[in-house]
Each structure stands twice: as C-alpha cells, then as structure tokens.
Amino acid sequence: MKKSLIAMAMAAAIAAPAANANVVIYGKVHVSIDHVESESSDASWAVSSNSSRIGFKGTEDLGNGLSLIWKAETGYDFADGGAWSSSGRNAYIGLTGDWGTFLYGNHDTALKMSTAKLDIFSDTIADYDESIDFDDERWGQNIMYISPNMNGLTFAVNGAVHAGDGPEEDLFQSYSLAAMYSNNGLYLSAAYEFEDDSDSDDDETNWRLGAGYDMNNVHVGFVYEDTMYGAEVLDDGDNDESGWAVGFDHMLSKRSKVYAVYVDTDNDIKNHDLSGDDQKGFSVGMIHKF
C-alpha cells in the first residue's frame with residue numbers, strides 16, 4: 001500500500017509541471033515527386049522533402065495580461081529520413097500582451113512576414129524566393145517587436161546583432177521593418193530591410209510592396225521588390241529575370257492536401273541545384289499538418 005501511494009505521488013509530481021507548461025507539439029509533412037531540368041542540366045527525377053518540420057511551442061500565463069511565449073522548430077527530411085536537420089527555423093523566447101509581442105532568437109524578418117500570405121507556392125519548386133529571387137530570410141541573434149492588431153493594421157520591426165559581422169559597439173548591424181493591413185479580404189503591406197556586410201561594400205537594401213484580395217475561392221496577389229547591393233541596383237537592365245508558375249491543389253481534409261505545380265523561370269528552382277538559366281520543373285506533392 002505504501003509503495004502504491006509513493007508511486008502515485010511521484011506520478012503526480014512529474015505530471016504537474018508538464019500540465020502547467022502548456023506545450024504544443026506541431027509540424028508539417030510536405031513531400032513531392034519532382035521532374036526538373038535547365039538549359040545546361042540534364043532532366044532528373046527526385047523525391048523532395050520541402051521544409052518539412054516538427055516543432056514545440058508553449059505559453060505561460062504570468063498574470064495581468066502578460067504571457068511568456070517560446071518556440072523551438074527544426075526541419076525533418078522525409079525524403080531520406082534525416083532528423084533534426086540544422087535548418088535555421090524559428091526558435092525564440094519572448095513576452096506577449098495587449099501591448100504587442102517582444103521576442104528574441106531566430107525568426108523571420110519583418111520583410112519576409114510582410115508578404116508570406118501572398119506566396120501561394122510557398123515551399124514548392126515554384127516558391128518565389130527562388131524562382132523570382134525575392135530575399136526572404138530568417139535571422140539569428142534577432143530581436144523583434146510585433147504590434148497588436150489595430151483595426152486591421154499591424155507593425156513589425158526587428159534587428160539582428162550579427163556578432164562578428166559588424167562593429168561590436170553597434171547593437172544592430174541589420175534591421176527590417178514592415179506595416180501590414182488586413183480587412184474584409186483585402187491585404188496590403190510595405191516593408192524595408194537593410195542587411196549589413198561589413199566584409200565588403202555589398203550592403204543590401206530591399207523595398208517591398210504587397211497587395212492581395214480574397215473573395216470566396218478566388219485569391220489575387222501582387223508582390224514588388226526593389227533590391228540594391230551597395231551602389232548597384234539589381235534590376236539595372238542587364239539582370240532582368242522573369243518566371244511564371246501554375247498550380248492546382250485539392251484539400252483531402254482540413255489538414256491534408258495534394259497538389260501539382262509547373263514552373264518556368266530564368267532564375268532557380270527551389271530545392272534543386274541546377275546550373276544555367278531557363279529552368280523548368282513539374283511537381284506533384286502531398287502536405288499534412290499536425
């Protein structure tokens with residue numbers, strides 16, 4: 001009898017912290033069968049794991065409307081079974097309340113956040129951060145503030161310490177800021193980002209505008225970005241690039257879907273190391289979120 005009581009007490013002691021921690025396990029399985037080629041690369045087939053991930057996140061109520069938040073997310077390669085890949089996904093700790101959210105760690109920049117919902121081919125071979133060469137990044141040693149939603153308007157600003165890449169006396173060597181508005185299906189955004197490269201004169205600045213509208217099952221989106229490296233504007237007339245993509249998807253359930261997508265671009269196809277321009281690819285994939 002005494003042993004049973006001791007065992008029950010130990011179980012209760014172990015379970016109590018877990019219950020109070022409010023930990024959520026989540027993830028995404030995204031695997032596709034791809035056929036890709038370019039003007040200087042032979043056509044090839046591949047099974048690709050496209051930013052598949054597993055994560056843990058939690059909150060703790062600190063009282064007076066204040067909560068501590070944290071997230072630890074990592075990639076998982078479902079194509080070859082590689083686990084806990086070092087993929088630089090979001091991982092942070094912070095505080096949130098009526099005044100907004102403050103966090104620090106590894107996180108998407110404000111520029112990336114500003115048009116994330118407009119990237120309808122996100123993580124597929126037609127993802128615009130490769131096929132159009134948009135500059136979507138996550139920064140480590142990142143300090144960020146996200147405002148509360150104010151009648152549809154939200155602001156975000158972050159700065160990266162980037163220790164070792166710039167003068168040690170400077171708190172932020174790189175920074176990013178964005179304003180986003182969402183209301184009745186309309187979405188508008190504007191963002192600016194500066195990324196310091198102290199080892200060269202190739203400091204990078206980006207301006208980005210986004211617009212989208214959702215009506216029933218119809219989505220229309222537009223993203224424009226202007227990039228400058230040092231004193232050189234990327235689209236100076238000699239480096240113009242273009243691409244297009246078309247896709248179809250079908251929801252199997254609220255958490256699962258299948259899709260097919262085709263992309264033709266002068267730039268790069270995501271997740272495939274092809275050489276040369278004029279890259280083309282066709283992909284069929286499945287996505288499950290948990």
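1. Strand E15 (residues 256–265) contributes the most to the lining of the largest pocket, supplying five residues. Strands (E, at least two residues) and helices (H or I, at least four) are DSSP runs numbered from the N terminus. The model is predicted: local features need pLDDT of at least 70 and side-chain atom pairs count only at pLDDT 80 or more, while totals for chains, interfaces and linings use all residues. Residues are numbered from 1 along each chain as its sequence is written, and side-chain values use heavy atoms, with hydrogens and water left out.

2. The largest pocket holds about 1500 Å³ of space. Of the 45 residues that line this pocket, the closest to its centre are Lys28, Ala116, Asp119, Ser122 and Asp123. A pocket is an open set of points on a 1 Å grid over the protein atoms alone, where a 1.4 Å probe fits, with protein on both sides within 12 Å along at least five of seven lines; lining residues have an atom within 4 Å of a point. By class, the lining comprises 23 charged, 13 nonpolar and nine polar residues.

3. Ten salt bridges are present in the structure, a salt bridge being a side-chain nitrogen of Lys or Arg within 4 Å of a carboxyl oxygen of Asp or Glu. Side chains of opposite charge can pair when their charged atoms come close.

4. Which residue forms a salt bridge with Lys28? The partner is Asp123, with the closest N and O atoms 3.6 Å apart. This pair links distant parts of the chain, 95 residues apart: Lys28 belongs to strand E1 (residues 23–38), and Asp123 to the loop between helix H2 (110–114) and helix H3 (128–131). Both Lys28 and Asp123 are buried, where buried means under 20% relative accessible area, exposed over 50%, and partly exposed in between (1.4 Å probe, protein chains only).

5. A further salt bridge joins the side chains of Asp108 and Arg138 (2.9 Å, N to O). Asp108 lies in strand E6 (residues 100–108) and Arg138 in strand E7 (residues 138–146), so the pair ties together parts that are 30 residues apart in sequence. Asp108 is buried, at 15% relative accessible area, whereas Arg138 is partly exposed, at 26%.

6. Lys280 and Asp278 also form a salt bridge, their closest N and O atoms being 2.9 Å apart. Lys280 is partly exposed, with a relative accessible area of 24%, and Asp278 is partly exposed, with 31%. Elsewhere, salt bridges that share partners join Lys28, Arg53 and Asp123 into one network.

7. Strand E5 (91–97), E6 and strand E9 (174–183) each supply at least two residues of the nonpolar patch. Tyr175 is placed in strand E9 and is partly exposed, at 35% relative accessibility.

8. Two C-alpha contacts may also be noted. Thr96, in strand E5, has its C-alpha atom 7.0 Å from that of Ile69, 27 residues apart along the chain. Ala126 lies in the loop between H2 and H3 and is buried, at 4% relative accessibility. The C-alpha atoms of Ala126 and Gly281 are separated by 8.4 Å, with the two residues 155 apart along the chain.

Note on methods:
Points joined across faces, edges and corners; volume = space filled by probe spheres on them. Nonpolar A, V, L, I, M, F, W, Y, C, P; charged D, E, K, R; others polar.
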